[in-house]
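Good morning, colleagues. I shall go through one model this morning, element by element, and I would ask you to keep the display in view.

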Amino acid sequence: MTQNDSDVWFEESSGSGMSSHLSLLDQSDPTAVPEASPLSLWGVALCVSGTLIVSENAIVVAAILATPSLRAPVFLLLASLALADLLAGVALILHFLFLFCVEPTDWSELMTAGLLATSLTASLLSLMGVALDRYLSLSHALTYGSRHSRRCAAGLLALVWLGSCLIGSGPVLGWHCLNDITSCSVARPLTRTYLSLLCGGFLLVVMVTLQLYTGICRVARRHAHAIATQRHFLPDDQSYASKHGGRGKGLSRLLLVLGVFVSCWTPFALYGLLGDASSSPLYTYATLVPAAGNSLLNPLLYSLRNRDIRLVLLHACCPHRHNTHRPVDV
């Protein structure tokens, strides 16, 4: 079967055709040693994006861990999200190093794939946890945020990371296609069965998260109606509109978060279920890059939009201007 021009160009420019070249090399000379691929534009973009992801999320993790007052459930979830995204950035950098700077080995390929699967799984589950936190903080506003809630959040995060590590350890423990190329998925060295289960789980988490945000909208609407009824305010009253005029802005922010979340994760999840090893590498990169890019956007959409985290960062940069900090548990 012949390749089209776009596939040939992509494999030459990204180095993704390395595995096919190595297989031919092994057949002609069994003693030949694999060599690193030549540097390409895709490799540089991979390294730069991984470095930005690590830098952004390292700042968020350091800010939360260095501030004892930031121990509410929301901050624990944001720290987990930032840590998962940080590991995803590390996995991208390692992939770049193993592919373009040092001689690639089966061990390095499996370790990078396992770390990336672990980090992306933990990131996605942490995003669902953030949505759950927002729902509970609205529906149980009087009791949520107590010491008991913090213990429950810590236990939930322990389960999230335990499950993510178990899922990510699959390739290292032998669930890979290095010994059977016919079982490979669109993301080598993951098998098609492994990637199908992983992407099916991703889609399930996406649907649950959408349901949680739908519940958030319903609870917020009930609260607004109850306040208007109790205070005898009408929706078109000037004082009520000036005080609660941020509902439209809050809804637009919610739609932005949901739009980024769905657009980043759905393409790769669907492609992982429908594609196979014969698919063009270009499609794999085109769907995987947005999923990894979500780790670059998460600090901007979640952590850095939190007022308390911004105050901590401003105090670290300009301590003479921000001498006090009293976090608000939201």
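Val260 is found in helix α9, where helices (H or I, at least four residues) and strands (E, at least two) are DSSP runs numbered from the N terminus. With a relative accessible area of 14%, Val260 is buried; here buried means under 20% relative accessible area, exposed over 50%, and partly exposed in between, with a 1.4 Å probe and protein chains only. The C-alpha atoms of Val260 and Leu297 are 8.4 Å apart, although 37 residues separate the two along the chain.

A word on provenance. This is a predicted model, in which local features need pLDDT of at least 70 and side-chain atom pairs count only at pLDDT 80 or more, while totals for chains, interfaces and linings use all residues. Residues are numbered from 1 along each chain as its sequence is written, and side-chain values use heavy atoms, with hydrogens and water left out.

As to the overall fold, the protein has eleven helices and zero strands. Of its 330 residues, 40% are buried.

Which residues have the most contacts inside the largest nonpolar core? They are Ile64, Phe75, Leu78, Leu195, Tyr213, Trp265 and Tyr302, within a core of 53 residues. Such a core is a set of buried Ala, Val, Leu, Ile, Met, Phe, Trp, Tyr and Cys residues joined through side-chain atoms within 4.5 Å. At least two residues of this core come from each of α3 (41-65), α4 (73-101), α5 (106-139), α7 (192-230), α9, α10 (281-303) and α11 (307-317). Helix α7 supplies the largest share, eleven residues.

Trp265 also figures in another pair: its C-alpha atom is 9.7 Å from that of Gly293, the two being 28 residues apart along the chain. Gly293 is found in helix α10 and is partly exposed, at 23% relative accessibility.

I turn to the charged contacts. The count of salt bridges is one, a salt bridge being a side-chain nitrogen of Lys or Arg within 4 Å of a carboxyl oxygen of Asp or Glu. Arg188 forms a salt bridge with Glu109, with 2.7 Å between the closest N and O atoms. Because Arg188 lies in the loop between α6 (147-168) and α7, and Glu109 in helix α5, the pair ties together parts that are 79 residues apart in sequence. Arg188 is partly exposed at 36% relative accessible area, and Glu109 is partly exposed at 24%.

The peptide bond from Arg188 to Pro189 deserves a remark: it is cis, with omega near 15 degrees. In general, most peptide bonds are trans. Pro189 is placed in the loop between α6 and α7.

Finally, the surface. Patches are made of residues with over 30% relative accessible area and no salt bridge, like charges being joined within 9 Å and nonpolar side chains (Val, Leu, Ile, Met, Phe, Trp, Tyr) within 5 Å. Lys and Arg count as positive and Asp and Glu as negative, without His and the chain ends; a charge is placed at NZ of Lys, CZ of Arg, CG of Asp or CD of Glu. Arg253, Arg305, Arg307 and Arg310 gather in a patch of positive charge. Arg253 is found in helix α9 (residues 246-274), and is partly exposed at 37% relative accessibility.

A nonpolar surface patch is formed by Val44, Val48 and Leu52, with about 240 Å² of accessible area together; accessible areas come from the Shrake-Rupley method with a 1.4 Å probe, and for residues only the protein chains shown count as cover. Leu52 lies in helix α3 and is partly exposed, with a relative accessible area of 45%.
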